[in-house]
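Please read it alongside the sequence and the structure shown here.

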Amino acid sequence: MEIYLDNTATTHYDTRVIETMVPFYSELYGNASSIHKAGKRPAEAIEQARQIIAGKIHCKPDEIYFTSGGTESNNWALKGVFYSNKQKGNHIITTSIEHPSILETANWLGEHKAKITLIPVNNQGFVDVDDIRKAIRNDTVLISVMHANNEIGTIEPIGSIGTLCREKGILFHTDACQSFTKETIDTEEQYIDLMTLNAHKIHGPKGVGALYIRKGSRCEAFIHGGGQENNMRSGTYNTPDIAGFGKAAEIASEEDVQKMSLLRDFFISEVSSKLEGVFLNGPVGGKRLCNNINLRFSKVKGKSLFTELNKRNIIISAGSACSSTRLTPSHVLTALGLDEESAHEGVRISLSKWTNKEELDYVIHHIIDIVDDLRKK
Amino acid sequence: MAKFKSDEILDLKGVPCPRNSARALLKLGGMEEGEILEIIVDDGEPLENVPASIEEEDNYKIIEKHKGEGHTWHLWVKVLR
């Protein structure tokens, strides 16, 4: 038996998603841009997916642009706004705990005349809206703050940040890859101008995502060519994956969120009560993503716990990333103020809608066993 | 010197995790029963991860491991079946 608890990295496909996709790999193979009969059903499927996704975030379907995934959408948001707003300025504000697809894109733009300000976070990973307010300049063109952090699950106050951006006339982008369908998102109420979404975190296919761009927001086209996606993102439509993305969004439910939240809190409480020296990275309760658990076990390297669990067919994520030859501490955990040794102790355990209590009881039993053992060595 | 003569050599110096493990398993998957693959990996994380990935498989056995030049290690892996 394998227990998969790395659902922040990716999720198992939902069978209903696969069933939706299969016809577009076989009899409905037509190009969705073609005006002949073969293109009709694929085009319908794409528009249906667009409507479903738009409905989930309260925007217009025409404001959804399909991409190859979250990384492309994040690249597009930053580069597109930067190159389209040069007459206004070149300053971009983001945070120190963003996904690498934001941080590396910001770095690259920094080498191309952009000015980048990274806002720090507190010890639970929250950004302070006042820090953003203070960082705003006359030449600020974009503020990008992730909705929920992928490592520690902190849910950022995007409504307050959106309100600030609207007051100041600055475009607001949020990376919602982890929170999409798990948290309420309303582009109108939260004043979101651009938003990154993807499918494979919600039991949909890999290699497909979307960028929401509010109508009227200045953002350059990202890929030029055949004119797909209203001339903003050309390329032959990936119909099966887009249809699957729509289905995955459609079947995501509030009940799943409630169930994962309860299991998350059960797991944290059980492990903390049964072992000494357990620390939670990130906040407790409602301001934490429903499926995210990130713990540190003092005197136990996260990689060692990860390896031992892996041998027992329990799949989690170590907090440290493997660069070419050595482990580097997570930039998110160090941004919380943890020293390198503590950051290496972090592990991330992320649930799915199919995770159940019996599995978690089994995992807790093995974690206690392994941590006790590793601490004796 | 190694006690075993290798049938093939796979140099994974500079190949990051987890691509190094995947390439090792791909190479081993194309070899015949009884053959031996010598794999060169970097010290550090690759030395932890590549052997661990191989040992998870029932079909292969790491029969020898030596420190190589600089920050490298040599693994000799036998295809069991």
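Two strands are taken to pair if DSSP finds at least two bridges between them. The model is predicted, and in it Ile93(A) stands opposite Ile143(A), a residue of strand 5 of chain A.

**Overall fold**

- The secondary structure of chain A comes to 12 helices and 15 strands.
- Chain A is as compact as a globular protein of 377 residues, because its radius of gyration of 21 Å is close to the 21 Å that the globule rule gives for that length.
- The C-alpha trace of chain A spans about 65 × 55 × 40 Å along its principal axes, and 49% of the 377 residues count as buried.
- Of the contacts in chain A between residues at least 6 apart in sequence, 72% join residues that are at least 24 apart.

**The seven-stranded sheet**

- Seven strands of chain A form an open sheet with mixed pairing, in the order 2-8-7-6-5-3-4.
- The edges of this sheet are strand 2 (64-67) and strand 4 (115-119) of chain A, each of which pairs on one side only.
- Neighbouring strands of the sheet are turned by 20° against each other on average, direction ignored.

**Strands 3 and 5, and the packed helix**

- Strand 3 (residues 91-95) and strand 5 (residues 140-144) of chain A run parallel and are joined by three bridges.
- Helix 6 (residues 158-168) of chain A packs on the sheet, where it touches strand 5 and strand 6 (171-175) of chain A.
- The direction of helix 6 makes about 160° with that of strand 6 of chain A.

Note on methods: Residues are numbered from 1 along each chain as its sequence is written. Chains are lettered from A and ligands numbered from 1 in the order in which they are written. This is a predicted model: local features need pLDDT of at least 70, side-chain atom pairs count only at pLDDT 80 or more; totals for chains, interfaces and linings use all residues. Helices (H or I, at least four residues) and strands (E, at least two) are DSSP runs, numbered from the N terminus. The radius of gyration is taken over C-alpha atoms; the globule rule is 2.2 Å times the number of residues to the power 0.38. A residue is buried if 20 or more other C-beta atoms lie within 10 Å of its own, exposed if 12 or fewer, and partly exposed in between; C-beta atoms are placed from the backbone. Two residues are in contact if their C-beta atoms, placed from the backbone, lie within 7 Å. Axes are lines fitted to C-alpha atoms, for helices over the stretch in contact, and angles run from 0 to 180 degrees between N-to-C directions.
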